[in-house]
Amino acid sequence: MIADYIIQFIVAMVATLAFAMIFSAPKSELLFCGLSGAIGWISYSIISTVLGAPTLGNMIGSLFLTLFSRSLAVKRKNPVTVYLIAGIFPLVPGAGIYYTSYYLIMNNMETFGSYGLSTIKTAGAIVMGIIFGMAFPQSWFNTVFAPSCHKSSSH
């Protein structure tokens, strides 16, 4: 079981790295982009498997991804979107979007509704995780990941 998670972590990292390369993330940040996607995915995977709750897994995965991205943004002095947009790639319900569209075009409304609802729940969970991750004050990240050096002034 641990080996499965290690493989998933590596695959998610490589996939996110490739996505970041295609969309021209700074070369110096590619490894960190890959890590952000892997952290989001493995969080999702563990919650989904252990609790049997894929929607909660998506929310927790995107929350961890957002917190990690915000930490990296401060530490590496880059916009949070460099890591967040690349890192969200493994969590996006691409197959769900495809099948929702397919069944709509095929006029199979029952299956369309099922896939559509699942896809909307997944997308909503991802958005909620990002919102919760962005709700923390920026000062917390600045204090922890870029502590300011205070010069003592002589008075």
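Among contacts in the chain (heavy atoms within 4.5 Å) between residues at least 6 apart in sequence, 68% join residues at least 24 apart. This is a predicted model, in which local features need pLDDT of at least 70 and side-chain atom pairs count only at pLDDT 80 or more, while totals for chains, interfaces and linings use all residues. Residues are numbered from 1 along each chain as its sequence is written, and side-chain values use heavy atoms, with hydrogens and water left out.

**The whole chain**

The C-alpha atoms fill a box of roughly 80 × 30 × 30 Å along the principal axes. Of the 155 residues, 35% count as buried. Buried means under 20% relative accessible area, exposed over 50%, and partly exposed in between, with a 1.4 Å probe and protein chains only.

**Helices α3 and α4**

Select residues 54-76, which form α3, and residues 80-87, which form α4. The two helices pack at an angle of about 150 degrees, and their axes are 7 Å apart. That makes α3 roughly antiparallel to α4; angles under 35 degrees count as roughly parallel, over 145 as roughly antiparallel, 65 to 115 as roughly perpendicular and the rest as oblique. Axes are lines fitted to C-alpha atoms, for helices over the stretch in contact, and angles run from 0 to 180 degrees between N-to-C directions.

Now show side chains. L65, T66, S69, R70, L72, A73 and R76 in α3 meet V80, Y83, L84 and G87 in α4.

Which residues does S69 touch, not counting residues up to four places away in sequence? They are S36, V80, Y83 and L84. S69 is buried, with a relative accessible area of 0%.

**The largest nonpolar core**

Select F19, A20, A25, L30, C33, L72, A73, V80, V82, Y83 and A86, the eleven residues of the largest nonpolar core. Such a core is a set of buried Ala, Val, Leu, Ile, Met, Phe, Trp, Tyr and Cys residues joined through side-chain atoms within 4.5 Å. Helices α1 (2-22), α2 (30-51), α3 and α4 each supply at least two residues of this core. The most comes from α4, with four residues. A second, separate core has six residues, including Y44, L65, I88 and L91.

Return to A20 in the largest core. Residues up to four places away in sequence aside, A20 touches A25, L30, C33 and A86.

**Helices α3 and α6**

The axes of α3 and α6 come within 7 Å and cross at roughly 35 degrees. Among the α3 residues in this contact are T55, N58 and M59, and the α6 residues include K121, T122 and A125.

**Two loop residues**

Is S24 buried or exposed? At 59% relative accessibility, S24 counts as exposed. S24 lies in the loop between α1 and α2 and has a positive phi of about 60 degrees, although it is not a glycine. Most residues other than glycine have a negative phi.

N107 counts as exposed, at 57% relative accessibility.
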